[in-house]
Amino acid sequence: MPMSTKNYDLIVYGASSFVGAIMSHYLAEHLAGSPQISWAIAGRCATKLERLRNELPAASAKLPIIVADATDSAALHKMCRSARVVVSTVGPYVLHGEPLIAACAENGTDYCDITGEAYWIKRMIDTYQARAEASGARLVSCCGFDSIPSDLGVHFLQTQSMKRFDGYCNDVSLRVASMRGGASGGTIASVIEAIKAAKTDTMLRREMLDPYQLCPTTGVEKTAQPRLKGPTYDGTFDAWTAPFVMEAINSRVVLRSSVIGERDYGAEFRYHEGVLTGSGLRGRMAAIGMSAGLAAMLAALYFSPPRALLTRWVLPSPGEGPSPEAQRRGSFDIRLHGSDKRGNQLRVRVTGDRDPGYGSTAKMLAQSALCLLETPVEQTAGGFWTPATAMGSSLIQRLQQHAGLTFDLDDAD
């Protein structure tokens with residue numbers, strides 16, 4: 001659709017959700033004094049949207065409100081025809097996300113979200129890739145803590161590797177050094193939906209185990225991918241490690257980036273993630289405890305009775321999250337190590353200054369949308385992309401300037 005027919009540069013869909021509200025406050029402050037970017041908030045409840053608008057700075061008093069239910073196809077199509085980019089925070093996406101994807105793909109509207117549901121992304125690619133290519137819609141999922149630090153961290157490391165060694169690293173590992181923040185109710189809800197879907201579908205269970213789940217089904221050479229399944233000593237980082245729950249989506253996004261973009265990390269590219277727990281006996285015991293705790297939690301969520309108890313009394317629900325003060329106190333510190341066949345090695349550090357699941361994710365999503373808004377259509381054609389393949393270094397620059405993230409070479413060792 002010609003750009004002149006678009007009333008808004010950006011629409012935040014699900015603006016009154018927990019992450020959507022954080023993002024709307026951030027955008028209101030970030031875009032203050034930038035009238036060249038027109039934006040609106042949208043969702044299913046006019047009352048909640050009006051309440052949110054009243055909480056925003058005075059300059060946003062006339063911010064447009066669009067009412068559209070996630071199940072109302074006509075309303076979603078009308079909304080998408082009026083926007084250049086739509087950002088969605090309405091999850092779990094497997095329950096609520098497809099009608100908006102369909103509307104964006106049909107109307108040539110660019111799209112970003114924060115889903116971590118790989119099996120849903122796979123289904124959306126299979127269903128709407130051809131329509132998005134035809135309309136020019138650029139659809140970019142995983143624009144939050146899932147999976148920007150991983151995807152752009154690898155992109156940054158490989159950029160530096162090419163500069164230093166005139167080639168890419170074929171083996172990259174990511175380790176979470178520290179992470180402070182509350183558990184995400186939305187993420188937990190997505191995990192529960194994935195478990196429920198896998199229980200009843202043998203083919204889906206098999207698909208979920210494939211690290212190349214999000215990659216094209218033809219023309220891709222698959223390499224056996226390492227994966228931490230329990231406490232492991234990592235000589236590269238000189239510390240014990242435990243499995244990282246986000247690895248299930250992050251590794252699939254990174255592998256998709258490695259095969260669909262202009263870069264090609266090679267047929268033997270390997271990638272894996274974990275959590276650093278420290279050295280010595282204390283680090284080993286922490287790795288054992290974290291691994292056992294994660295396994296126990298997933299097992300409890302698999303069976304209906306304990307899952308019902310956990311979701312009612314223990315785990316946060318979608319829409320719940322940490323206080324603004326807790327979000328400000330949050331942070332994350334991620335380390336990446338890359339090596340090539342010639343023995344060259346490189347270390348990178350990625351950090352964020354807010355609670356990863358909410359405060360930092362909201363800023364990452366906002367800057368992803370604004371970066372996609374500025375990315376020329378000649379640079380990225382219609383279709384499903386990852387943050388690294390759609391925006392790459394341009395997004396890294398924005399995140400460092402405006403979202404409290406850092407991407408640095410880590411030469412401490």
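Trainee: Why is Tyr 233 called partly exposed?

Mentor: This is a predicted model. In it, Tyr 233 has 40% relative accessibility. Buried means under 20%, exposed over 50%. The value falls in between, so Tyr 233 counts as partly exposed.

Trainee: And what makes Trp 240 buried?

Mentor: Its relative accessible area is 17%. The cut-off is under 20%, so Trp 240 is buried.

Trainee: How do you know that Tyr 168 is partly exposed?

Mentor: Tyr 168 has a relative accessible area of 23%. Buried needs under 20% and exposed over 50%, so Tyr 168 is partly exposed. Tyr 265, at 7%, is buried.

Trainee: Why is the pair of Tyr 233 and Trp 240 called edge-to-face?

Mentor: The ring centres are 5.6 Å apart, within 6.5 Å, so the rings pair. The planes stand at 70°, and over 60 counts as edge-to-face.

Trainee: How many aromatic pairs does the structure hold?

Mentor: Eight. One of them joins Tyr 168 and Tyr 265, with 5.3 Å centre to centre and 75° between the planes. That angle is over 60, so this pair is edge-to-face.

Trainee: What makes this pair a tie between parts apart in sequence?

Mentor: Tyr 168 lies in the loop between α7 and β7, Tyr 265 in the loop between α10 and β10. The parts are 97 residues apart in sequence, so the pair ties them together. Ring pairs also link Tyr 168 and Tyr 265 with Phe 269 into a cluster.

How values were computed
Residues numbered from 1 in each chain as written. Predicted model: local features only at pLDDT ≥ 70, side-chain atom pairs only at ≥ 80, totals over all residues. Heavy atoms only, no water. Phe/Tyr/Trp six-rings, centres within 6.5 Å; stacked < 30°, edge-to-face > 60°. Helix = DSSP H or I, 4+ residues; strand = E, 2+ residues; numbered from the N terminus. Buried < 20%, exposed > 50% of the residue type's maximum accessible area, 1.4 Å probe, protein only.
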